[in-house]
Amino acid sequence: MTLDVSRREFLRVSATAAGGMLIAFRVPAAPATPTPPEPEFAPNAFVRIAADGRVTVIINKAEMGQGICTSLSMVLAEELDADWSRIGFEFAPVDPVYAHPGFGIQMTGGSTSTMGMTEPMRQAGAVARAMLVTAAARRWGVPEADCATAGGAVAHPRSGRRAGYGELAAAAARLPVPDGVPLKPAAQWKLIGRPTPRLDTRAKVEGSAVFSIDVNLPGMLTALVAHPPTFTGRARRIRDAAARAVPGVVDVVDVGSGVAVLAKGFWPAKLGRDRLEVEWDLGEAATLSSEALRQHYRELAGRPGLVAHKAGDVDAALAAGRVLRADYEVPYLAHAPMEPLNCVVDLRADSCEIWAGSQFQTVDHAAAAAAAGLPGAKVKLHTTFLGGGFGRRANPASDYIVEAVKIAKAAKAPVKMIWTRTDDLRAGYYRPMWHSRVAAACDEAGAITGWRHTIVGQSIIAGTPFEPMMIKDGIDSTSVEGAADLAYAIPNVLVDLHTTKVPVPTLWWRSVGHSHTAFVVESFLDEIAAATRQDPLALRRRLLQGKDRLLGVLELAAAKSGWSTPAPAGRARGLAVHPSFNSFVAVVLEVSLERGWPRVHRATLAVDCGRTINPGTVTAQLEGAVGFALSTALYSAITLADGQVEQSNFHDYRMLRLHEMPAVDVHVVPSEAQPTGIGEPGVPPVAPALCNALFRLTGRRIRRLPIRREDLA
Amino acid sequence: MITLEVNGRSVVVDVDPGTPLLWVLRENLQLMGTKYGCGAAQCGSCTVHVDGNAVRSCVLPVSAAAGKKVTTIEGLTEPSGAALKQAWIELDVPQCGYCQTGQIMSAAILLRQKRQPSDADIDACMGGNVCRCATYVRIRGAIHRAAALARGGAR
Amino acid sequence: MRRTLDRRVLLVASLAAAFALAQCRAAGPDPAAQARSAAAWATVYEVLQHPRCVNCHPAGDVPLVGEHREVHPQNVQSGGNGMGLFAMACPTCHRDENTPGRHMPPGAPRWHMPPRNTPLVFEGRGARELARQLADPSQNGNLSPQQLLEHVKSDPLVLWGWNPGEGRAPVPVPHRTFVAAFQDWVEGGCRVPE
């Protein structure tokens, strides 16, 4: 199915001083060269209306659970005045027209989908509506201004005439596409802002939603890959006779990143891989250990790093006044999406089709084409539903995609490459481990006069094509976000960074740098509150004067959680507030200890993410963020010993389970501001809120995640 | 050759008898609703019913299902199963959705045994089903809702 | 007629139980056998305190796992009849034999824990306490000493302790040594050590 796609690029404007993004865009017009006649009306790359009235919205984002396929459909349907019951969607092919308006490539991440695509989708829907009105007005010989649209039809009230969009599609398709049309005022919205059932729910409940792992092709082989045990390992010698002898095994291939066993199904591939004997050169990563890294990081934290942010004279402030110091540590984290990484490749002599749950279409497509040795135009990347992304499926190295293409090259048959859970956990591209050393000076009145934060850890951006954009003067902005841009009013601040070079591949992980900086900042602030005998809420209020959106969520969460009332017997509350991805979230957790282990009873969240498109999605993302973040606060860590990842499945990379999930109350601050991120901002404040509650409960301060029993004893 | 009944249909599959039922369902029978999440009975995404009992199909050799009745999400048509699906849709439970069929199959066992499950019953039933998106709040709510629907005779 | 039969059955049953108890309690004719019984308990106790045994004979409602008696993950509970609850019944994950591979669920026919009404707790039991407990049908699941012996000799769940699957330490005392010690213990009168 072809679409009218233009080759115009979206314009891009850099971030404003307030941290928001201004996006200028143009909805692409029809191409200059005529395309074959279609029975459908497709005025732009984002919508298609069929003769029977069905509306298909083209979603240029990866649906990984954040509900974007519904939100963007709502936005377009609103302006289109569509009949919501006739709305469907598909995932976009790879094309420059689908590039992220801010980042210039087709991708999903940074909690920017709603923010970036709301206006373009509104325009896309509005343009289609305008053309349908024009078509109807011409057909009836009436002024356009006398026509109205609702529920997927154009009406002319004066004469009682009415035509569904399907009836008008062919006529509208013959019209020139206007360059921009007025949008509906918010006061007239019928869909946007209303809780709307998601379009993908039924398929996911019935089991018919297609993830890439579900794609089957005739003659397809399944590949399981033996990866080197270290990150710098390569196969030196392969003995595969026993593997090949397994019935159903078709071939064994060294593709560099590992040794693939190709078979007629997962099970023979797995049995074959079990029988593979590979001698590995382990490389320099063979001596890696988490313990050694921790020592090394601790030592580096004592030395001055590259300055990421400086205000006033922190040394002077720390020389006067009362000083508190602390070290905070967090481990490597795997993304561990429920659908382990996998990819289906159908590679032929002069064409290639790939199915993947990609968050990084432009990059993955280019990498696949290069690996296949084909021009990009001959390679099609089909984006399926993602069984979880969290950033893992947006890899500048396109690791699993390239591996699958290489296997397909050797296979001479369609290939489904599946990583087992163990493969997925051990394949790297983790949220880095971090060490933070903080020091703060307070005066007699309890005001913070100085704040120093030294951060030690790897750069996720170094060595990627994003380096020129995101590393400035040696500072990877993602390493210090949430720390170098503190909202708190502190006159003397120094944030410095040691970027370490460790042969562990790293990557963004849901909330990126905020996943470690918020833990440090919000925990240490609580330490200061305790040391100066201030209520944690009062201290924050004091330091956030004028930061209305942060104060707004803070006060709302405090009020709704009963912060100023005593907690029930045996329980304590902890508080944290953190801005990220242009949104503002405050969290209060109510916690007790059960047999020495934290039990979170209730989570109260307040969020300001601007205008909400689908309130149900906002609530769901925050509920989910609480559980996601509690998993890492309580359980998850990737650790290394002798160069190898120690964890292998969910028994040792533990997840929070249903019986441990608190009740969650989400309160959304009503806002007319442009929509901002919601996929990630719920994560950062949760771990510090938990640790702050535990301090009130036990008097023990947690400075290292995941929490260990002995930390609370 | 192994004969078993899947969703009411008798099937004969020619596979290594040690092949986990999960892969027979997905690869030989093209029933893709049952998912692979861990291969070690640690996540519950592969949950099916065998002779009415919940089983993690990723560790059940297909030989152990020979001659038995297997039900997957595609064949969950009993009233409590329909109530669960309806409740799941009403509450918009799924986010990424990958674990959800396994969640529903586990919950179906609970509703068969308890008309009005308590929160403690839900805790006891669902601990084997991981949701990385942490839709747990809505899973709990949907189980309560499904139980109410089933008691009220809703379709 | 029926009632008389019932009464007779009851009489025979209680005589049998009394005899069984008497078998355990009565001093054997042979002081040497008694001494052997008391000594043999040490071996039996060592086995019963091994993780492969203790883990399914915990003090609480939750089985234990591993070499360090960690609480079974996934909120598993014994559920009254020892078979687990709802979709978390033991056989949901535990098959009739060990699932091959490390960190895979162990398995044996009818994988389960003792039911709540006959808890048969090994965890935290001292040597004397456990000997007394095992010798008493009202605390051991209503088994006679011969039945106990048969149980440890051939019950698949017991035998599993010596074939626990990859990555789990089997009971270090050989099974036949354990059975021989158990036999000595029973035949010498189920002696409780000093």
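Buried means under 20% relative accessible area, exposed over 50% and partly exposed in between, with a 1.4 Å probe and protein chains only. The buried residues of H6(A) are Phe266(A), Trp267(A), Pro268(A), Ala269(A), Leu271(A), Gly272(A) and Arg273(A).

This is a predicted model, in which local features need pLDDT of at least 70 and side-chain atom pairs count only at pLDDT 80 or more, while totals for chains, interfaces and linings use all residues. Residues are numbered from 1 along each chain as its sequence is written, chains are lettered from A and ligands numbered from 1 in the order in which they are written, and side-chain values use heavy atoms, with hydrogens and water left out.

Chain A is divided into domain 1 (41-206), domain 2 (212-283 + 341-418) and domain 3 (290-333 + 430-712), with bounds that come from an automatic or database domain assignment. The centres of domain 1 and domain 3 of chain A, taken over C-alpha atoms, are separated by 39 Å, and 21 residues of domain 1 are in contact with 19 residues of domain 3, where contact means heavy atoms within 4.5 Å. Thr114(A), which lies in helix H2 (residues 113-140) of chain A, touches Ile68(A), Ile613(A) and Pro675(A), when residues up to four places away in sequence are not counted. Thr114(A) and Pro675(A) are 561 residues apart in sequence, yet their C-alpha atoms are 6.4 Å apart in space.

Chain B has five helices and five strands, and from the N terminus on its elements run β-β-α-β-β-β-α-α-α-α. The radius of gyration of chain B is 15 Å, close to the 15 Å that the globule rule gives for 155 residues, so chain B is as compact as a globular protein of that length; the radius is taken over C-alpha atoms, and the rule is 2.2 Å times the number of residues to the power 0.38. The C-alpha atoms of chain B fill a box of roughly 45 × 30 × 25 Å, taken along the principal axes.

Of the 155 residues of chain B, 65% count as buried, and among contacts in this chain between residues at least 6 apart in sequence, 60% join residues at least 24 apart.

Definitions and conventions:
Helices (H or I, at least four residues) and strands (E, at least two) are DSSP runs, numbered from the N terminus.
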